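The points below are meant as a colleague's reading of the model, to be followed with the coordinates open.

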Amino acid sequence: MQMSPQLPKAAKAFLKALGILLALPLLYFAAALVGGLIPANAGWKEADRGVRIFVRTNGVHTWIMVPAAAAGIDWRGIARPEHIKDPRYAAGNYLAIGFGNRDFYLNTPTWGDLSPRTALAAAFGGGPGLVHVEHEHDPKADEYQQPITLSLDEYRKLAAHIRRSFDLAGGRSHPLLGRGYGSADVFYEARGRYDAYRTCNEWTGEALRAAGVRTGVWTPLSQSIMLRLES
């Protein structure tokens with residue numbers, strides 16, 4: 001009588017672990033899809049007049065672009081001209097503000113510098129966060145920049161939420177001088193951590209939800225933010 005072959009226990013355990021590892025990313029992206037589709041602030045309507053902001057994306061990461069000064073909120077005391085390599089860019093009238101993983105920001109100046117370790121850590125790991133600020137002038141609406149008009153109250157709530165992301169110990173911001181992608185931007189020490197739940201895009205979603213804007217209840221992906229704004 002021929003016996004059917006049996007997999008060794010170690011092989012079974014390995015295959016089970018492999019199956020779990022393959023399933024986790026699929027479950028994550030499925031949850032991200034659902035979280036982006038379920039709306040927070042479902043009854044929100046864009047203001048007819050107020051403060052115009054933009055939500056910007058590069059397809060992976062999102063920023064919130066705010067006026068340098070509007071509705072009694074002046075960011076120029078936090079993002080000062082001397083913080084960037086070329087202070088002339090600080091004459092711009094908008095700031096693009098984002099949040100991200102410290103290690104990813106500092107060690108990936110270009111996509112060509114992205115290592116598997118850094119990519120995995122950014123996608124599914126965690127660590128300290130940094131705030132990224134880029135000075136811009138007269139941004140225009142396009143496929144990468146979605147404008148939103150907020151009421152004065154909504155904008156003040158948004159600004160308060162963003163401000164809380166900066167480490168303002170000692171009553172001032174703390175730039176990493178000389179660290180940025182170009183001459184018009186710089187990183188700042190931040191409050192809060194980055195992880196697979198609270199990604200750069202979920203930070204954007206948090207800020208929009210705090211302002212009362214309709215967006216997904218969980219927005220870990222750029223698409224979670226942008227598709228909701230375009231609908």
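Helices (H or I, at least four residues) and strands (E, at least two) are taken as DSSP runs and numbered from the N terminus. The model is a predicted one, and every value below should be read with that in mind.

1. Backbone at Asn-41. This residue is found in the loop between strand E1 (39-40) and strand E2 (51-57), and its phi is positive, at about 55 degrees, although it is not a glycine. Most residues other than glycine have a negative phi, which is the reason for raising the point here. With a relative accessibility of 31%, Asn-41 counts as partly exposed.

2. Backbone at Ala-71. A positive phi of about 55 degrees is also found at Ala-71, again not a glycine, and this residue lies in the loop between strand E4 (69-70) and strand E5 (73-74). Its relative accessibility is 23%, so Ala-71 counts as partly exposed, given that buried means under 20%.

3. Aromatic pairs. The count of aromatic pairs comes to 9. One of them joins Phe-166 and Tyr-188 in an edge-to-face arrangement, with 5.6 Å centre to centre and 70 degrees between the planes. Because Phe-166 lies in the loop between helix H4 (152-163) and strand E9 (185-195), while Tyr-188 belongs to strand E9, the pair ties together parts that are 22 residues apart in sequence. Both Phe-166 and Tyr-188 are buried.

4. Aromatic cluster. Which residues form one aromatic cluster? They are Tyr-28, Phe-29, Tyr-197 and Trp-218.

5. Charges over rings. The charged end of Arg-56 sits over the ring of Trp-63, at 4.4 Å from the ring centre. In another such arrangement, Arg-198 lies over the face of Phe-99, and the distance from the ring centre is 4.8 Å.

6. Nonpolar surface patch. Val-34, Ile-38 and Val-217 form a nonpolar patch on the surface, and together they have about 220 Å² of accessible area. Of these residues, Val-34 lies in helix H1 (residues 9-37) and is partly exposed, with a relative accessible area of 44%.

Notes. Residues are numbered from 1 along each chain as its sequence is written. This is a predicted model: local features need pLDDT of at least 70, side-chain atom pairs count only at pLDDT 80 or more; totals for chains, interfaces and linings use all residues. Side-chain values use heavy atoms; hydrogens and water are left out. Rings of Phe, Tyr and Trp (its six-membered ring) pair if their centres lie within 6.5 Å; planes under 30 degrees apart count as stacked, over 60 as edge-to-face and the rest as tilted. Buried means under 20% relative accessible area, exposed over 50%, partly exposed in between (1.4 Å probe, protein chains only). A charge sits over a ring if NZ of Lys or CZ of Arg is within 6 Å of the ring centre and within 35 degrees of the ring normal. Patches are made of residues with over 30% relative accessible area and no salt bridge: like charges are joined within 9 Å, nonpolar side chains (Val, Leu, Ile, Met, Phe, Trp, Tyr) within 5 Å. Accessible areas come from the Shrake-Rupley method with a 1.4 Å probe; for residues, only the protein chains shown count as cover. A salt bridge is a side-chain nitrogen of Lys or Arg within 4 Å of a carboxyl oxygen of Asp or Glu.
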